Every structure is written in C-alpha cells, then in structure tokens.
Amino acid sequence: MSRLDSFIRRLEAQRACLNNAAQLIAAVPGNVLEFGLGNGRTYDHLREQLRGRDIYVFERNVAAHSDCIPPSDRLFLGDFLDSLPKAIAQLGQETALANLDIGSGDEAASKQLAREMLPAVLQLLKPGGVLISDQPVESADLEALALPAGIKPRRYFLHRRR
Ligand SMILES: C[S@@+](CC[C@H](N)C(=O)[O-])C[C@H]1O[C@@H](n2cnc3c(N)ncnc32)[C@H](O)[C@@H]1O
C-alpha cells in the first residue's frame, strides 16, 4: 500500500471512529476533550458533530487554521502531562468523550506518551464515556469496543470507560 493510501485510510478510520463515538455518547451528558489540536481537523469535526457540547482542547503549540482555534477558556496550553492535573482540578470527572490524536513520527514515544497520559485521562472520563485513541491503550477500567465496519484492527482504538 502506498503512503498516500495508508494516509487516506488512517483519516477515514479516524472520521469513522469520531462519528461512531458521537453516536455512542448521545445519551451520555458531559464535555469533550481533544488531545492534539494540530491543524484543527478533528477539533472542527467534533465541533460539527457535537454541537452544544463544551469541547476542551489540549495542545502545547497552537498552529491550527485560524477558524479552528478554540476559545482561550477552552484551551489547555502546554504539555499534556502538565495540563492534565489542572484539567482534573477544573473539570472533575465529567467527560463523555476524549479523543487522543497525539501521534508523532516517533512510534515508541507516542505509545509511551499515551501510557503516561492514560491514568489522568481516566480520572476525567466518566463511566460510560468513550475514549478514541490513535495509540494503543490498556486498562482494566476500559472495555474495548468494536471498530466501525471496514476499519482494520489496531488502526484506531475505541473504548468505553467501565
Ligand atoms: C497528530 S497531531 C494532531 C492532529 C489534529 N488532531 C488534527 O486533526 O489536525 C498531534 C498534536 O499533538 C501535539 N502534541 C504532541 N505531544 C504533545 C504533548 N506532550 N503535549 C502537548 N501537545 C502535544 C502536537 O503539537 C500536535 O499538534
């Protein structure tokens, strides 16, 4: 598979997971957390799919399209690992959906970052809340959910908090 095909499939999988998760949390009140603003693509998609939800964004370096920059009172600016304790203090356990889109070119470092973030993310995610991740995540507090049809296993990761 060419790199172009692989890139397209990754984005298709991501969109399918975001759309699926938006349906899964339809009956779960709560905020939405976006880890990794990047260009703002997934933030913009979540905004569109989940109108009316408070969406908080975590990013150390805001460089998104100007239309996709969250309001300053919805932005945790800085390293995820520094911002997470602040978010727990501010938001408590009221998150219905968390999207981890944190991967960099360094696969091992991205996996390690997800492992380090997970305990704090689980303190924010309420029971019944959904976690979407571009990195593998594992916890006794998480139940793996089936990926949307056509998405290859381990291309994306979808879980519900027990
Ligand atoms: C894959 S990109 C996000 C893409 C974005 N969701 C989109 O759809 O455009 C990952 C983002 O995570 C941010 N990031 C990576 N590690 C971070 C960390 N430890 N703390 C804060 N931000 C981090 C990077 O700056 C980058 O913008």
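**Notebook: ligand site and a salt bridge**

I looked up the surroundings of the ligand and found 16 residues around it, the closest being Gly36, Thr42, Glu59, Phe80 and Asp101; a residue counts as near if one of its heavy atoms lies within 4 Å. The model is predicted, so I note that local features need pLDDT of at least 70 and side-chain atom pairs pLDDT 80 or more, while totals for chains, interfaces and linings use all residues. Residues are numbered from 1 along each chain as its sequence is written, and side-chain values use heavy atoms, with hydrogens and water left out.

I then checked polar contacts (N or O pairs within 3.5 Å). A ligand nitrogen lies 2.8 Å from a backbone N or O atom of glycine 36. The side chain of threonine 42 places an N or O atom 2.8 Å from a nitrogen of the ligand. A polar backbone atom of asparagine 39 is 3.0 Å from a ligand oxygen.

Next I looked up salt bridges (a side-chain nitrogen of Lys or Arg within 4 Å of a carboxyl oxygen of Asp or Glu). The count is 8. One of them joins the side chains of aspartate 54 and arginine 74, N to O 3.2 Å. Aspartate 54 is in the loop between helix 2 (41-49) and strand 2 (55-59), and arginine 74 is in the loop between strand 2 and strand 3 (75-77), so the pair ties together parts 20 residues apart in sequence. Helices (H or I, at least four residues) and strands (E, at least two) are DSSP runs, numbered from the N terminus.

Methods. A polar contact is a pair of N or O atoms within 3.5 Å; within protein, one must be able to donate a hydrogen and the other to accept it, and residues adjacent in sequence count only if both atoms are side-chain atoms.
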